[in-house]
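Let's take a walk through this one together, starting with a pair of helices and then moving on to a couple of strand residues. Have a look at the fold before reading on.

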Amino acid sequence: MGVSGRTNQHVAVLMGGPSSEREVSLSTGRGCVEALRGEGFRVTEVDAGTGGAGSGAELVARLQQVAPDVVFNALHGRWGEDGCVQGLLEWLRLPYTHSGVLASATAMDKSRSKALFRAAGLPVVESEIVSREEAMEDHVLDPPYVIKPNNEGSSVGIYIVKAGAKMPPELPDTMPDEVMVEAYAPGRELTCTVLGSAGREQALTVTEIETEGWYDYAAKYETGGSRHTLPARVPEAILKACQDYALRAHWALGCRSLSRTDFRWDEKRGPSGLILLETNTQPGMTPTSLTPEQAAHAGLSFGALCRQLVEDASCDR
């Protein structure tokens, strides 16, 4: 079930939600609302709520009341990005943007997505899934390594254990019971967006991200938190490898319409120093976000990017 390109369609932009990335989602959603109205669509903002009791039923009722032709999914983080809301939209038979249930759930689960990447011959680092208590008791891997939630995004809850550390860090109660411990991949931060309908996907340019420290939540979303260079000033072979790996990761997960894959490149090791970190099925669309910048570099305005996602929306994704 696909969606035509008529601009008199009614689009519901789904934003907010209960995850730790609620504020980023609201920023993404508002930008997309403005862009889609500029493209001639009739647009209604729909806040997915904050996760209280009955919020799922309230969202269903709200969507049934709004009765949109298309749902633009501008949610980030758990519930909006992990297959849950996609399943709800499938049940309602409302065409929606971005990836479907299975791809969303798999990409959000770092352990499962990494297994698929390995099977596809993509370069990933060693990692282990352990309990939060195990991660605090003793080193699961030799330092340096990273501890992070297995199913969150946007650098939420990431702890770097540096070389020579005697003990692991104390993890707050806000960390989930299950965490990923992952070998630290040194080097330059690179990212590549994949855009296009099934069978016609293209890897856009590669951006290098520079920060004063770790590319954390603040660096991603605060003005001036990071510097973006696109195309990245890297050898052509590394740029092409990023594009190739991003496409292969998109296909391995079964993503639709849009994804962004992040890398680290240790230039001292040459091509073997390029490591795939993870793939994001709901890349940010805020004023500081990477995907709109890459689309603009390819000649696609923010409004045209949002329009393309709406026109590619469907059920059964």
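Which residues in α1 meet which residues in α10? This is a predicted model, and in it the α1 side of the contact is made up of G31, C32, A35 and L36. Facing them from α10 are F302, G303, C306, R307 and V310. By type, the residues of this contact split into six nonpolar, two polar and one charged.

Now for the geometry of that pair. Helix α1 covers residues 22-38 and helix α10 covers residues 302-311. Their axes come within 8 Å and cross at roughly 90°. Angles from 65 to 115 degrees count as roughly perpendicular, so α1 and α10 are roughly perpendicular to each other.

Next, head over to strand β7, residues 178-183, where you'll find V179. Is V179 buried or exposed? V179 has a relative accessible area of 0%, and the cut-off for buried is under 20%, so V179 is buried. Setting aside residues up to four places away in sequence, V179 touches E128, I129, V130, S131, R132, A135, I147, K148 and N150. Take N150 from that list: N150 and V179 are 29 residues apart in sequence, yet their C-alpha atoms are 5.2 Å apart in space.

Last stop: T229, which sits in strand β10, residues 227-229. T229 has a relative accessible area of 15%, which is under the 20% cut-off, so T229 counts as buried too. Leaving out neighbours within four places in sequence, the contacts of T229 are V206, T207, E208 and E210.

Conventions:
Residues numbered from 1 in each chain as written. Predicted model: local features only at pLDDT ≥ 70, side-chain atom pairs only at ≥ 80, totals over all residues. Heavy atoms only, no water. Axes fitted to C-alpha atoms, helices over the stretch in contact; angles between N-to-C directions. Helix = DSSP H or I, 4+ residues; strand = E, 2+ residues; numbered from the N terminus. Parallel < 35°, antiparallel > 145°, perpendicular 65-115°, else oblique. Contact = heavy atoms within 4.5 Å. Nonpolar A, V, L, I, M, F, W, Y, C, P; charged D, E, K, R; others polar. Buried < 20%, exposed > 50% of the residue type's maximum accessible area, 1.4 Å probe, protein only.
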